[in-house]
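This briefing goes through one protein chain, from its overall make-up down to single residues. Keep the sequence and the 3D view open while reading.

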Amino acid sequence: MQALVQKFVILLLVDLNGPLNARTEPLIHAGGKVKRKGVLLMTQIENLEAMLAQGKDGALVRYGLGTAYAAMPDQAAKEQAKAHLTACVGFDPEYSAAYLKLAQVLQSLGDIAEADEIYSQGIAVATRQGDKQAAKTMTVLQKKMTSQG
């Protein structure tokens, strides 16, 4: 069952991965639901929240929730993303992608100092793991963020 849950979450994350910008499909608001790439984020959130309610908590579930909430435009969703991504890092302090997404969420909330710290932690984690691309991405985003502030 655990393997099935992980496969579901991984498939979910593949669909949610990637930043929203002018070159990607925009958010579409329909009936209180938010769609992206033809997938209902609210349905994905509901499914992952149900997994939490069943006691199936872990880094992948929290990352999925954090990523889904981060893709939504409102402040309350960004706060939810922050909470879930923080929990994700708590479950797996070596999950470099979670640091990247958490720093981006913090930046979108205007918490530049905390985002800077999370980028630094994420760069250290990625470097320890030999994940050069993640370290480079976070370094570039951190420098861009601090040069604007």
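**Overall picture**

Among contacts in the protein between residues at least 6 apart in sequence, 51% join residues at least 24 apart. The model is predicted, and its pLDDT averages 80, with 71% of the residues scoring at least 70. The protein has seven helices and three strands.

**Make-up and confidence**

- Along the sequence, the elements follow the pattern α-β-β-β-α-α-α-α-α-α.
- The protein has 149 residues, and buried residues make up 38% of them.
- The accessible surface comes to about 8,000 Å², and carbon and sulfur atoms account for 57% of that surface.
- Over residues 1-33 the pLDDT stays under 50. For this stretch the model has 56 contacts beyond four places in sequence.

**The largest nonpolar core**

- The largest nonpolar core holds 35 residues. Within this core, L65, Y69 and M138 touch the most other members.
- At least two residues of the core come from each of α2 (41-53), α3 (59-70), α4 (75-91), α5, α6 and α7.
- The helix that gives the most to this core is α3, with seven residues.

**Helix α7**

- Helix α7 covers residues 132-148, which is 17 residues. At 1.5 Å a residue the helix should span 24 Å, and its end C-alpha atoms are 24 Å apart, so the two values agree.
- The buried residues in α7 are A134, A135, M138, Q142 and M145. Seen down the axis of α7, the buried residues fall within an arc of 100 degrees, so they line one face of the helix.

**M138, a residue of α7**

- M138 lies in helix α7. Its relative accessible area is 0%, and because buried means under 20%, M138 counts as buried.
- Which residues does M138 touch, not counting residues up to four places away in sequence? They are S96, Y99, L100, Y119, G122, I123 and A126.
- One of these contacts is with Y99. M138 and Y99 are 39 residues apart along the chain, and their C-alpha atoms are separated by 8.7 Å.

**G66, a residue of α3**

- G66 lies in helix α3 and is buried, at 0% relative accessibility.
- Not counting residues up to four places away in sequence, G66 touches A81, H84 and L85.
- The C-alpha atoms of G66 and K82 are separated by 6.7 Å, and the two residues are 16 apart along the chain.

**K101, a residue of α5**

- K101 is placed in helix α5. Is K101 buried or exposed? With a relative accessible area of 13%, K101 is buried, because the cut-off for buried is under 20%.
- Leaving aside neighbours within four places in sequence, K101 is in contact with Y63, T67, A70 and L85.

How values were computed. Residues numbered from 1 in each chain as written. Predicted model: local features only at pLDDT ≥ 70, side-chain atom pairs only at ≥ 80, totals over all residues. Heavy atoms only, no water. Helix = DSSP H or I, 4+ residues; strand = E, 2+ residues; numbered from the N terminus. Expected span 1.5 Å × (residues − 1). Buried < 20%, exposed > 50% of the residue type's maximum accessible area, 1.4 Å probe, protein only. Arc of directions from axis to C-beta. Core = buried A, V, L, I, M, F, W, Y, C linked by side-chain atoms within 4.5 Å. Contact = heavy atoms within 4.5 Å. Areas by Shrake-Rupley, 256 points an atom, 1.4 Å probe, with all protein chains shown as cover. pLDDT = per-residue confidence, 0-100.
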